[in-house]
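Me: Could you go through this one with me? I'd like to talk about contacts.

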Amino acid sequence: MIIVASIAIFVTMALALLRGLLGPTVYDRVLAMNMFGTKTVLLLASVAFLYGRSDFLDLALAYALINFIGVQAVLAFVQKAAGAGEES
Amino acid sequence: MEILGHYHYWVFAVLLMIGFYALVAKQNLFKKMLGLSILQSAVFLLYITMAEREGGTAPIIQPGVADQLYSNPLPQVLILTAIVVGISTMALGLAIVVRIREEYGTIEDDEIRRMDRRP
Amino acid sequence: MAAVAEIVCWALGWVLLTSGAAFVLIGGIGVLRMPDLYTRIHAAGLTDSLGPILVLSGLMLQVGNPQELFKLAAILLFMMITGPTATYALANAALMAGIDPVPAESSRPDREQVR
Amino acid sequence: MIVAVFGIFLLTLLVVTAIAIVRSSDLFSAVMLSGIFSLLMAANFFVLDAADVALTEAAVGAGVATVLLLGALALLPTDERQGNRHVGLAALTMAANITVIIYATHDVPPLGDPAAPAQQHVAAWYLAHTPELIDIPNVVTAVLASFRGYDTIGEVFVILIAGIGVLFVLSGGRDQLLPKRPEPTLNTALKHHLIPQVVGRLMIPFIILFGLYTQFHGEYGPGGGFQAGALVAAGLVLYSLIEGEQAALELTPPNLLFGLALGGALLYGAVGVIAMLLGGTFLDYSVLLSDPIAGQHLGIIVIELGVGLSVTGVMLTIYHAFASRVS
Amino acid sequence: MTLASQLPALQVVVPLLTAPIAAAMRPRDLAWLVTCAASLTAFAIAVALTAGALQGPADTSLRYDMGGWPAPFGIALVIDSLSALVLLVITGSSTLALLAGRRAMALDIEPHRQPLFYAAWLTALAGLCGITITGDAFNIFVFMEISSLATYVIIAAGPERRALTSVFKYLITGTVGATFYLIGVGLIYMMTGTLNLEDMELRIAEAPSRGPVLAAAGFITVGLALKAAVFPLHVWLPNAYAYAPHTVTAFIAACSTKVALYVLLRFDFMVLQANLPEHAAQFAGYLLPLALAGILFGSSVALFETHLKRLLGYSSIAQIGYIVLGAAMLDRAGLTAATLHMFNHALAKGTLFLAVIALGLRLGQANLNLSNLWGVGRAMPWTMGAFTVAAASLVGIPGTAGFISKWYLVSAALQQGPWAVVLVGVILISSLLAVAYLWRVLEPAFFADSPATLSEPIAHQSWAPLVILWLAAAANVYFGLAPQLPVELASRAAAILTAGHGAAELLP
């Protein structure tokens with residue numbers, strides 16, 4: 001049953017990637033990136049179980065944290081760029 | 001099975017060439033840096049693929065599990081090093097790109113070339 | 001008694017994982033098919049919270065030792081905190097940047113018509 | 001079998017993402033796609049049983065690299081003027097290379113072949129002898145820190161020279177080296193957003209705690225100095241994002257960060273030199289204590305600490321060098 | 001363990017660990033002092049190692065197991081005559097450039113940036129020594145990256161903005177080269193299961209199939225040729241040399257391409273050719289024509305170049321061609337000539353760039369077009385005198401070091417059967433071209449009227465650059481009259497390279 005979940009997650013990753021490619025706005029891409037990140041976390045957690053090495057859940061935890069930082073950094077950048085645009 | 005067994009290597013070749021294309025054909029220096037990182041990632045893939053072993057697991061020895069097969073730790077160690085080398089190169093390259101932009105006002109290679117030609 | 005508990009765990013895990021997978025998938029489809037930015041954020045935001053909760057709880061029913069349970073719980077906790085925050089920050093940033101949440105009749109360059 | 005199918009799926013996405021990175025004319029999208037690329041690569045490493053590499057790729061590739069790319073991009077124009085040159089040359093070289101690689105890899109052992117030469121000889125020796133010689137479960141850490149510890153000190157100096165280089169290059173045309181007092185007008189992005197700020201503050205201690213866990217758990221599970229350094233650096237970058245550059249520089253002054261970078265590298269070197277003084281060769285940890293295995297443990301812990309300090313210091317130095325620069 | 005047995009490790013460790021110390025040095029003048037001390041120590045160690053390599057039979061080599069793990073499980077350092085020769089070149093050129101360039105670097109680089117600059121210099125030095133001394137294929141990559149990144153940093157210190165664009169090009173090229181090298185090493189590892197060079201040599205013979213190894217040889221050769229600026233992969237070199245600070249040019253022009261060539265020789269001859277007969281033909285068949293084309297191309301472009309440093313850069317491309325030509329002959333005489341020329345070219349080119357440091361101090365850092373050099377020979381007779389000696393060495397006038405290696409090269413070429421005429425012809429034509437392009441510098445320098453600016457009082461004159469410059473010029477003459485040391489090292493190196501290699505038996 002974990003395989004079923006993994007496949008669903010895979011498909012969702014592909015869909016999120018497609019949204020990231022299509023855009024059209026920057027925010028769509030950020031959304032896609034965030035979604036892609038969370039799905040990767042889930043994928044890693046399920047694959048860790050599939051492989052029987054659930055001690056590797058550290059990785060999923062690390063991805064969750066990194067993904068959050070990544071999204072915050074991207075948003076900070078967008079707002080910085082927007083702010084600079086308004087000022088000029 | 002033949003296809004499955006060598007697919008990773010083909011993807012390695014394709015990624016390598018995508019990165020290479022960005023380096024040669026793209027004019028934007030920032031894009032070139034992204035191409036460089038794809039190029040390097042392709043090599044990571046080559047090494048990690050060769051480390052994989054059928055029926056193996058990550059090379060962290062599980063106490064009390066006899067006869068467990070493990071994948072090859074050595075290429076993994078090499079790639080840990082190579083990843084760090086990659087980020088170092090990228091950081092330095094980006095710093096140079098930023099300085100080029102400050103000095104030339106652009107990061108397009110052909111414009112920079114034109115400026116260099118008539119000093 | 002133990003056997004019954006095992007079967008219950010198994011069945012519950014199955015239900016949780018499948019429904020989680022379904023939510024995740026629906027979220028993916030929503031992000032791709034919804035017509036404008038805010039509806040996409042809506043689809044992603046809801047399923048990004050509920051999907052992981054279900055999937056990770058399903059996985060929790062499978063673990064053997066408390067350390068792994070703790071790690072899964074930590075992942076779940078982090079995702080429950082960071083997911084909505086990211087969604088909020090994203091929507092807020094988009095709003096600040098002047099993307100209009102109310103669908104206007106005039107077609108904006110940043111919004112495609114999906115039909 | 002599962003490995004192969006998962007792998008093929010991830011690799012296909014990887015190729016799509018790579019093409020999109022090269023084709024996208026908006027550099028900002030390209031950076032986000034390269035973050036996705038790194039995550040995919042990391043997931044792929046995990047599927048291929050390389051847990052340590054996956055953790056590093058996630059922390060360094062998806063975390064730190066994305067942040068650095070964004071930091072640099074903030075100082076650059078974000079749109080690429082489209083136009084390709086040398087397409088013929090590129091196509092020719094690509095065709096030649098693809099031919100060579102396909103030719104070369106046609107004869108290599110397929111994925112997962114247990115009889116492949118790469119699985120024999122040295123690798124088998126590491127797996128067989130690590131328990132008796134070094135006695136830690138994570139063979140990757142054992143090879144990284146002890147058997148090939150000389151490579152790893154090189155790696156620390158690669159990253160150190162990157163930090164030195166970024167500081168040096170970015171100080172060109174400026175009269176100060178390290179950012180002392182950033183402009184008060186510097187836009188501090190998320191500073192005025194309450195929810196991300198509160199959540200961020202909540203998260204930072206956990207991120208750093210997790211980094212420390214990765215640092216000291218590296219002998220037993222995936223992790224080690226590089227991963228830990230990158231995670232801690234990422235946590236402190238988050239602090240800078242939510243509290244503003246100024247506050248971050250006050251919390252971790254640039255001199256402190258640069259000192260950490262130099263000190264970490266020197267700590268690693270010092271272990272090697274002490275081993276020399278005690279009569280071993282450079283980086284021979286066995287001579288550090290009377291019991292060789294205990295000596296190995298001590299040596300590995302200390303050099304991993306040096307690596308962690310150095311990586312944290314360098315990553316943050318580089319980040320601040322970009323972030324505190326006003327374009 | 002005694003100090004003597006620790007020398008191989010110290011060769012790398014001393015400059016490497018001094019680098020962070022130099023970066024932290026306050027006050028800043030100390031950074032230069034510390035760097036010089038480390039560089040001198042490294043030179044002394046190299047001399048000691050060379051003395052060790054010259055004792056005993058020709059194929060003697062000193063080994064050092066890093067971390068106490070025996071090769072191939074740990075990383076081993078190997079010092080033989082070949083690596084000793086290259087170590088001498090690296091540490092010697094670094095020391096001379098540092099001693100001569102103090103004033104020039106103080107003018108080029110703002111005081112607050114100097115500790116970082118010197119730290120990068122030391123790292124580059126350590127990286128180059130590390131590449132030379134190691135016996136492990138992947139360790140070569142690591143140290144190659146250390147030295148490359150550090151070299152990018154010190155080149156980027158150039159005073160003009162074009163230094164940045166040149167260094168960016170170099171960074172891209174260098175990284176692609178290193179990546180290709182890494183691919184090659186990976187493919188060989190797949191077929192042999194080892195990373196130790198000597199172990200690889202043994203196990204390649206048992207590789208299950210030849211295809212991947214041959215492809216790996218191609219990747220490694222191309223990657224290293226990129227780093228070594230072998231024609232036609234030389235595009236990065238002239239600008240990188242031209243826009244770097246003069247002192248840096250004196251250092252890197254003498255040794256960084258040589259080190260890449262050294263790895264190329266070591267890999268191709270010691271690992272690949274011994275057990276891979278197809279590779280010998282592959283190597284010679286591709287590299288020989290490229291070497292000839294490179295020699296002619298470099299010399300011809302130098303003939304029309306108007307900037308002194310770019311002229312010398314193109315000359316380097318031709319001289320790299322000579323080294324590759326010697327190697328592509330695949331026999332012992334050719335390899336002796338190639339390794340000897342590594343040493344002698346480093347000496348000649350290093351001296352020329354040391355003279356450029358002195359010229360730069362007098363003329364201004366950026367005014368090095370040939371038209372700026374009119375009459376400079378009369379205003380600065382000592383500097384241009386040394387320049388002339390080094391130029392003679394570069395051309396190969398008898399009595400200078402350059403003559404010895406040209407002589408060995410021509411005699412090796414004469415043994416090449418029907419091709420001998422072509423090879424000798426190219427060498428002679430290129431020497432004539434070298435006379436012509438150097439004459440374009442020297443003739444106006446000595447015989448044209450000097451402009452008024454040169455008679456102005458000297459602001460930055462100091463004796464140190466001149467002393468060092470003449471020391472180097474004297475070495476050019478000394479090794480021309482008494483070439484025993486480099487010749488002995490080179491012939492031992494050639495013996496090591498051709499050991500167990502089929503083509504070697506053809507020759508005495």
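Reply: Before we start, contact here means heavy atoms within 4.5 Å, and please keep in mind that this is a predicted model.

Me: OK, which residues of α1(A) meet α2(A)?

Reply: On the α1(A) side the list includes A:I2, A:I9, A:F10, A:M13 and A:L17, and among the residues they meet in α2(A) are A:A32, A:M35, A:F36, A:L43 and A:F49. By class, this contact has 15 nonpolar, five polar and four charged residues.

Me: And at what angle do the two helices pack?

Reply: Helix α1 (residues 2-22) and helix α2 (residues 26-50), both of chain A, pack at about 160°, and their axes are 9 Å apart. Angles over 145 degrees count as roughly antiparallel, so α1(A) and α2(A) are roughly antiparallel to each other.

Me: Left-handed or right-handed crossing?

Reply: The crossing of α1(A) and α2(A) is left-handed.

Me: Switching to the chains, which pair has the most contacts?

Reply: Among the seven pairs of chains that touch, chains B and D have the most contacts, with 77 residues coming from chain B and 101 residues from chain D.

Me: How much area do they bury, then?

Reply: Between them, chain B and chain D bury about 8000 Å², of which 74% is on carbon and sulfur atoms.

Me: How many salt bridges across that interface?

Reply: The rule finds one between chain B and chain D: B:E102 pairs with D:R325, and their closest N and O atoms are 2.6 Å apart.

Me: Which chains does chain C not touch?

Reply: Chain C and chain B do not touch, their nearest C-alpha atoms being 15 Å apart, and chain C does not touch chain E either, where the corresponding separation is 35 Å.

Definitions and conventions
Residues numbered from 1 in each chain as written. Chains lettered and ligands numbered in written order. Predicted model: local features only at pLDDT ≥ 70, side-chain atom pairs only at ≥ 80, totals over all residues. Heavy atoms only, no water. Axes fitted to C-alpha atoms, helices over the stretch in contact; angles between N-to-C directions. Helix = DSSP H or I, 4+ residues; strand = E, 2+ residues; numbered from the N terminus. Parallel < 35°, antiparallel > 145°, perpendicular 65-115°, else oblique. Left-handed = near helix turned anticlockwise from the far one by under 90°. Nonpolar A, V, L, I, M, F, W, Y, C, P; charged D, E, K, R; others polar. Buried area = accessible area lost by both parts, 1.4 Å probe. Salt bridge = Lys/Arg side-chain N within 4 Å of Asp/Glu carboxyl O.
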